[in-house]
Amino acid sequence: MPGDRRVTDALHSPARAGAEIRVFGIRHHGPGSARALVQALTEFEPDTVLIEGPSDADPVLALAAADDMVPPVALLAYARDEPARAAFWPFAAFSPEWQALRWAYLHDADVRFCDLPAATSLASDREVGDRTTDDLLGMLARAGGYDDFEQWWDAVFEHRPAHAFDEITDMMRVLREDIEIDDHTARREAHMRQVLRATVKAGARAIAVVCGAMHAPALSGRLGPAAPDARLLKGLPKVKTNLTWVPWSHSRLSLSSGYGAGITSPGWYHHLFTRPSDTTARWFTRVARVLRDEDLPVSSAHVIEAVRLADTLAALRGRAVAGLDEVVEATRSVLCDGSDVLLDLVTRRLVVGEALGSVSDATPTVPLDTDLQKQTKSLRLKRSAETKSLDLDLRREIDVARSRLLHRLMLLGIDWGTPAESVVRSTGTFRETWTLKWDPELSVAIVEASRWGTTVESAAGATVTDRAARPGIALADLTSLLEQALLADLRAAIPHLVTAIDAAAALDHDVLHLMNALPTLVRTVRYGDVRGTDLSSLEHVADALLARTCAGLPAAVTGLDHDAADALRVAVDEVHLALAVREDTSATERWLETLASMGDRDDVDGLLGGRITRLLRDAGRLDEHDAALRVARALSVGSSTVAKARWIDGFLGGGGLLLVHDSALFDLVDGWIADLTDEDFVDVLPVLRRTFGAFTFGERRLLGQTVRGERSRRTAAPPAVERGRIALQATATILGVSV
């Protein structure tokens, strides 16, 4: 190819003199490098291709040739005894390394990786990656007048008809003279040279080396004696490692993690590689399609004008063709009408993109992943890098199975789905909404979870049982775990959890802990009824928790500071709501009697006193007159202003309509606020803002109207005088006289 220079320096061993080696320094995930590399390999026709990558991944390299292997994909390496210690080597369709792999298999060339083994990389604390290359290329970008490396690379290399491999190698050689190569990079390059020596010794006659541009000078020319490299590599730590292929996504390529990742525009690079002709026009056509899908008016004229603007900007800047900068500016100006919100949409959908690759069915995996793939296929759940909403109707068998699977995955730490607010109006408990998004890192989570079992159900059940048996687990955590296990339909684990909850409840004497556990327990019993699960054994546990709560609560409400009172107020609300859901008359009666015994005590924090009064009033234990008397007493002389404000906060919190419909109560609160001095008003303002700020917009609007109406009523003339004035005016009109 033009500008390419053959590296035919003989190695020190005379037997190596006939081997021809060419080193191609590339930009990881660079479409221009990928296109030029394919052309260079076709011209060179090597019998062996060495690629920068973990050398112990050679056994799974052949899967790259499979027809059902669709990039973006990544090599995953993880330590057998510690799966969380893992590393990825991602490849996109426009990655030069991927194109070199495909070229080698299509042309029957031997191909292997030549970098340090993953077993060595994972044994060190250093993150797998190639940051020095980006630092050096960043220096070149700044020398060329660019603040951003990707802008410089895009302008200088991605649109060139031929790639200047030798020029890049020469530039990197000069740059390397001014920096110190770190030990890790030195070991990597030593390993590459050792692999290159072994390849030549094995009889290869034409060898192509594909590596990051920064490493090219270290592999070009004479390799030198092997002894120094051998000493550098001697004694490196290793861990037992498994390697496989996993799906990857363009959005993950845009993050600075993994080997050679960190590009900001993978979607744009994919377009450059797959659409080498009419690149700009085809791109704006895709942008228009995205905007039209959002019901935005984008016509063909918009596309034509955007192409003209991008080409004009490129010409003004002395560039042969429009690059990403020109395309983005034209998109913002013409297609998005200057809106950064719409431009962000285009960036997420196209410039970055959400393409998710797929791996071959022959790819080795753990049994847990095999079971998960089988279930997702039968339940018609597709892994996607895009965020999608899934509404489930639990009256349908397939949706129940989907719900169980997603809940089991949550227990295993495989957060493919997260519960969300449903957009479907429903008053029952038969509706669930999930937000689904498959992140490539979930492949590691699957490997980690595989130690619990070979199927999703058995693994989820095992991890629940293990958590329940851990010493010191809180009662509230146990009840929450039981609720999750029920949602996941892990019936084998439920007896263990019930036993653990019963034992923990008997040993826990903290009333707040008991109250925090009770609502979850009640919800669990109720949800079991919906799912058809027999949870009658839990009812006696709930009754025991309620009995101990009612016995201990009156003593627990004394001597509390504000933070403790706030926490207890939340717990009282949740228990009250849970008992209303349970619909057990005897339990509710016991609870209300306990509240009534504390409602008029002077040693109870005002926030709790006000809240208890409100709950008793709403339950019918206090009529409006008695409630008004308690409000009046709480606001009377003798209590501090802050204590009064906390009492009002407890009484009115979460329900502003009470003031709208109860005029006597309104007058009491209104009069108290109106009589506050300036200093007292400033003191209680934060509490009042919290109280009234918690009201809904509709409640605040009605309350404002009530305030205006009361002010008008108080300033208006007495009703009798007003009626007399109207009658007098009517009489004067009939008689024809003036008043």
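Guide: One term to begin with: an angle between axes counts as roughly parallel under 35 degrees, roughly antiparallel over 145, roughly perpendicular from 65 to 115, and oblique for the rest. The model is predicted, so to speak of local features a pLDDT of at least 70 is needed, and side-chain atom pairs count only at pLDDT 80 or more, while totals for chains, interfaces and linings use all residues. Residues are numbered from 1 along each chain as its sequence is written, and side-chain values use heavy atoms, with hydrogens and water left out.

Visitor: How many helices and strands does the chain have?

Guide: There are 34 helices and 10 strands. Both are DSSP runs numbered from the N terminus: helices are H or I with at least four residues, strands are E with at least two.

Visitor: And what share of the residues count as buried?

Guide: Of 739 residues, 50% count as buried. Buried means under 20% relative accessible area, exposed means over 50%, and partly exposed is in between, using a 1.4 Å probe and protein chains only.

Visitor: Back to your term. At what angle do α14 and α15 pack?

Guide: Helix α14 (residues 300–316) packs against α15 at about 140°, and the axes are 9 Å apart. The axes are lines fitted to C-alpha atoms, for helices over the stretch in contact, and angles run from 0 to 180 degrees between N-to-C directions. The two helices are therefore oblique to each other.

Visitor: Which residues of α14 and α15 meet?

Guide: From α14 they include H302, V303 and L309, and from α15 they include E326, A330 and L335. Contact means heavy atoms within 4.5 Å. The residues of this contact divide into nine nonpolar, two polar and three charged. Ala, Val, Leu, Ile, Met, Phe, Trp, Tyr, Cys and Pro count as nonpolar, Asp, Glu, Lys and Arg as charged, and the others, Gly among them, as polar.

Visitor: What about α15 and α16, what is their angle?

Guide: Helix α15 (residues 324–335) and helix α16 (residues 340–352) pack at about 135°, with axes 9 Å apart. That makes α15 oblique to α16. On the α15 side the contact is made by L324, V328, T331 and R332, and on the α16 side by D340, L343, V346 and V351. Those residues divide into five nonpolar, one polar and two charged.

Visitor: New topic. How many aromatic pairs are there in the whole structure?

Guide: A search finds nine. Rings of Phe, Tyr and Trp (its six-membered ring) pair if their centres lie within 6.5 Å; planes under 30 degrees apart are stacked, over 60 edge-to-face, and the rest tilted. In one of the pairs, the rings of F88 and W248 have centres 4.7 Å apart and planes at 45°, so the pair is tilted.

Visitor: Where in the chain are F88 and W248?

Guide: F88 is in strand β4 (residues 86–91), and W248 is in the loop between β7 (241–247) and α11 (250–253), 160 residues apart. F88 and W248 are both buried. W268 and W283 form an edge-to-face pair, 5.0 Å centre to centre with 90° between the planes. W268 sits in helix α12 (residues 266–274) and W283 in helix α13 (residues 279–293).

Visitor: Which residues form an aromatic cluster?

Guide: F91, W98, F113 and W245 form one. W98 is also among the buried residues of α3.

Visitor: How many residues of α3 are buried?

Guide: Eight of the 11 residues of helix α3 (residues 96–106) are, so α3 is largely enclosed by the rest of the structure.

Visitor: What comes just after α3?

Guide: D108, with a positive phi of about 55°. D108 is in the loop between α3 and β5 (110–115), and at 75% relative accessibility counts as exposed. E45 also has a positive phi, near 55°, and is a residue other than glycine. E45 lies in the loop between α1 (31–44) and β2 (48–54).

Visitor: Is D229 buried or exposed?

Guide: D229 is buried, with a relative accessible area of 7%. D229 is in helix α10 (residues 227–233) and touches A190, R193, Q194 and R197, leaving aside residues up to four places away in sequence.

Visitor: Last one: which peptide bond is cis?

Guide: The bond from P71 to P72 is cis, with omega near 10°. P72 lies in the loop between α2 (58–61) and β3 (73–79).
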